[in-house]
Amino acid sequence: VMGFDGEYGPSTWEWVADQAAEYEASNGQQANTLRDTGLPIIVMTTVGHKTGLVRKVPLMKVEHEGIYAIVASKGGAVNHPGWYHNLLADPTVLIQDGPEPFETTVRLATGGERAEWWDRSVAAFSPYAEYQEKTDREIPLFLTETTA
């Protein structure tokens, strides 16, 4: 495993790559909201399960008592985002919420815990509810482990 210091593979979606780069370069002071919504984002770093490339994805900030929800919505598309498979292959990620990224492990939330965090996620970013209505798949929701 090369880890997070391996070769960086920017997103093929230019705005995603640009936002992640600007967020990191400014220590989270700039590009820290979803486009013009004013809603806060975090940047998650994974390692590609096929390519081994370091991947960075801006995601909506859904945080409660130091735990973050990672919502694999892909805007309600029929398939999971590419990084979903990275998390299944290697659940170790970096989360940046402000100046300092931290390493953590994610796990898939299920049952009542998922329902509770889904409500929190929709409260943070209401379009998640529409995304779920648009797709037949249950949108996966990962949780970071506490960093205690």
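The legends below describe close-up views of a predicted model.

**View 1. The tyrosine 128 and tyrosine 131 pair.** The ring centres of tyrosine 128 and tyrosine 131 are 6.1 Å apart and the ring planes stand at 75°, so this pair counts as edge-to-face, the class for planes over 60 degrees apart. Both tyrosines belong to helix H4 (residues 127-134), where a spacing of three residues separates tyrosine 128 from tyrosine 131 by about one helical turn. Tyrosine 128 and tyrosine 131 are both buried.

**View 2. Packing of helices H3 and H4.** The axes of helix H3 (residues 111-124) and H4 lie 7 Å apart and meet at an angle of about 120°. On the H3 side the contact is made by Arg114, Trp118, Ser121 and Val122, and on the H4 side by Tyr128, Ala129 and Gln132. By class, four residues of this contact are nonpolar, two are polar and one is charged.

**View 3. Charged side chains over aromatic rings.** Arginine 35 lies over the face of tryptophan 15, at 3.9 Å from the ring centre. In another such arrangement, the ring of tyrosine 8 has the charged end of lysine 56 over it, 5.7 Å from the ring centre.

Notes: Residues numbered from 1 in each chain as written. Predicted model: local features only at pLDDT ≥ 70, side-chain atom pairs only at ≥ 80, totals over all residues. Heavy atoms only, no water. Phe/Tyr/Trp six-rings, centres within 6.5 Å; stacked < 30°, edge-to-face > 60°. Helix = DSSP H or I, 4+ residues; strand = E, 2+ residues; numbered from the N terminus. Buried < 20%, exposed > 50% of the residue type's maximum accessible area, 1.4 Å probe, protein only. Lys NZ or Arg CZ within 6 Å of the ring centre and 35° of its normal. Axes fitted to C-alpha atoms, helices over the stretch in contact; angles between N-to-C directions. Contact = heavy atoms within 4.5 Å. Nonpolar A, V, L, I, M, F, W, Y, C, P; charged D, E, K, R; others polar.
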